[in-house]
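Visitor: I am new to this structure. Could you walk me through it, one question at a time?

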Amino acid sequence: MSQLDKLFQHAPSPMERLPVPEATDRGLSLFVKRDDLLRLGPGLALCGNKWRKLQYNLQAAKDQGHTRLLTFGGAYSNHIAAVAAAGAQFDVETIGIIRGERVPGLNPTLRLAESCGMQLVFVSRSDYRKRHEDGYLHKLQQSYGPAYLLPEGGTNLLALRGCMAIPREVRLQLTPPPDYYALSVGTGGTMAGLIAGLDEPARVIGFSALKGDFLEEEVAKWVGRAPANRNQTPPWSIQSHYHFGGYAKHQPALLHFIQNIYQQYGIVLDPIYTGKMLYGLLDLIRKDYFPRGSRIVAVHTGGLQGIAGFNERFGGLLDLELV
Ligand SMILES: Cc1ncc(COP(=O)(O)O)c(C=O)c1O
């Protein structure tokens with residue numbers, strides 16, 4: 001694995017003001033932390049929170065002398081695409097254990113992964129459920145060779161460590177610092193890392209991309225394990241009503257919103273994570289959730305590679321130019 005330093009010696013991702021009338025009319029300052037602009041390698045896959053979650057893991061894999069990464073994901077997984085892109089970029093073998101059957105032609109995520117050299121291994125849902133079992137992980141390594149194992153979604157302590165840099169960068173970019181952070185939540189790793197990295201009394205609001213209330217527990221678990229910058233955990237909460245029907249489900253209002261943000265401000269949001277987060281955030285703003293004068297940072301966690309797959313699946317519903 002060569003040139004990994006590119007992942008560490010990058011400039012802070014840009015911070016942009018988002019002058020939406022909902023916020024300015026209420027005396028709020030809204031910013032977007034553009035982690036989507038942290039990009040490396042093919043296909044816009046190694047970007048956003050994937051960059052942050054993978055950087056220390058790739059370093060650890062290299063330090064441990066691994067030449068192969070093995071990970072897990074669904075057929076549209078941003079994480080699978082990111083690991084594949086990292087493999088191509090840093091010249092390391094990658095194996096993706098994919099839930100479900102191979103479909104002819106593959107979708108854009110898996111086409112990208114395969115074009116990056118990732119070996120795709122399709123397993124039944126019942127086998128996929130064994131992804132946390134030592135015996136199964138051992139068997140996979142017997143079949144495909146010794147590998148550095150990355151969990152589904154890439155969440156582990158090293159991933160949290162990468163995400164701890166988000167508030168560290170923001171601290172240097174914004175004076176006074178923000179009162180609130182908002183971000184999308186899938187496994188909870190990015191949010192837990194951000195919370196652990198906070199050194200000031202900001203509140204963190206996660207917007208769940210999934211239906212259900214279980215993410216509070218997940219985030220709490222990861223926050224409890226993370227090395228914290230401070231003695232006290234800052235206040236955080238999860239908004240669980242902006243999933244638009246569940247993971248990867250959508251409704252016209254969401255797509256209209258994404259299209260509108262793109263046309264007005266030139267920011268491309270994805271329909272699975274970041275679109276739902278910003279939609280939810282602006283809804284809370286309209287409901288006067290935030291005190292006047294608050295400074296809010298919304299973290300754009302990327303997910304751009306997923307738009308092609310979404311469009312292919314649903315007949316080109318989003319007209320966004322990805323550059
Ligand atoms: C674009 C994007 N944003 C946010 C998330 C949520 O991150 P986490 O799984 O760390 O909660 C993910 C992945 O899960 C993602 O791909």
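Visitor: How many residues of domain 1 are in contact with domain 2, and how many of domain 2 with domain 1?
Guide: This is a predicted model. The protein is divided into domain 1 (4–43 + 157–314) and domain 2 (45–154). Their centres, taken over C-alpha atoms, are separated by 24 Å. The contact counts are 33 residues of domain 1 and 31 residues of domain 2.

Visitor: Which element gives the most to the side of domain 1 that touches domain 2?
Guide: The elements that give two or more residues to that side are strand E3 (39–40), helix H7 (157–163), helix H8 (165–173), H9 and helix H13 (306–314). The most, 5 residues, comes from H7.

Visitor: How do the residues on that side of domain 1 divide by type?
Guide: Take the side of domain 1 that touches domain 2. Its residues divide into 14 nonpolar, 14 polar and 5 charged.

Visitor: Which residues are closest to the ligand?
Guide: The ligand is surrounded by 19 residues. At least three residues of this shell come from each of domain 1 and domain 2. The closest are Gly186, Thr187, Thr190, Thr301 and Gly303.

Visitor: Which element gives the largest share of the shell around the ligand?
Guide: Two elements give two or more residues to the shell: strand E9 (180–185) and helix H9 (189–197). The largest share is 3 residues, and it comes from H9.

Visitor: How many residues of the shell around the ligand are nonpolar, polar and charged?
Guide: Gly counts as polar in this division. The shell around the ligand divides into 3 nonpolar, 15 polar and 1 charged.

Visitor: Which residue of E10 is the bridge partner of leucine 183?
Guide: E9 and E10 run parallel, joined by 6 bridges. Strands of a sheet pair through backbone hydrogen bonds. The partner of leucine 183 in E10 is glycine 206.

Visitor: Which residue of E11 is the bridge partner of phenylalanine 207?
Guide: E10 (residues 203–208) also pairs with E11, in the parallel sense, over 4 bridges. The partner of phenylalanine 207 in E11 is glutamine 239.

Visitor: How many of the 6 residues of E10 are buried?
Guide: A residue is buried if 20 or more other C-beta atoms lie within 10 Å of its own. E10 is largely enclosed by the rest of the structure, because the buried residues number 5 of the 6.

Visitor: Is valine 223 buried or exposed?
Guide: Valine 223 is found in helix H10 (residues 215–225). Beyond its neighbours within four places in sequence, it is in contact with Ala192, Ile195, Ala196 and Thr233. The C-alpha atoms of valine 223 and alanine 196 are 6.5 Å apart, although 27 residues separate the two along the chain. Valine 223 has 21 C-beta neighbours inside 10 Å, so it counts as buried.

Visitor: And glycine 246, is it buried or exposed?
Guide: Glycine 246 lies in the loop between E11 and helix H11 (252–265). Not counting residues up to four places away in sequence, glycine 246 touches Leu210 and Lys211. Glycine 246 has 11, so it is exposed.

Visitor: Which strands stand at the edges of the 4-stranded sheet?
Guide: This open sheet has the order E7-E6-E5-E8, with parallel pairing. An edge strand here has a single partner strand, so one side of it is left without a neighbour in the sheet. The edge strands are strand E7 (119–123) and strand E8 (148–149).

Visitor: Which residue of E6 is the bridge partner of threonine 71?
Guide: Strand E5 (residues 68–73) and strand E6 (residues 93–99) pair in the parallel sense over 6 bridges. The partner of threonine 71 in E6 is glycine 96.

Visitor: At what angle to E6 does helix H3 run?
Guide: Helix H3 (residues 78–90) lies across E5 and E6. Its angle to E6 is about 165°.

Notes: Residues are numbered from 1 along each chain as its sequence is written. This is a predicted model: local features need pLDDT of at least 70, side-chain atom pairs count only at pLDDT 80 or more; totals for chains, interfaces and linings use all residues. Two strands pair if DSSP finds at least two bridges between them. A residue is near a molecule or strand if its C-beta atom, placed from the backbone, lies within 6 Å of it. Domain bounds come from an automatic or database domain assignment. A residue is buried if 20 or more other C-beta atoms lie within 10 Å of its own, exposed if 12 or fewer, and partly exposed in between; C-beta atoms are placed from the backbone. Two residues are in contact if their C-beta atoms, placed from the backbone, lie within 7 Å. Axes are lines fitted to C-alpha atoms, for helices over the stretch in contact, and angles run from 0 to 180 degrees between N-to-C directions.
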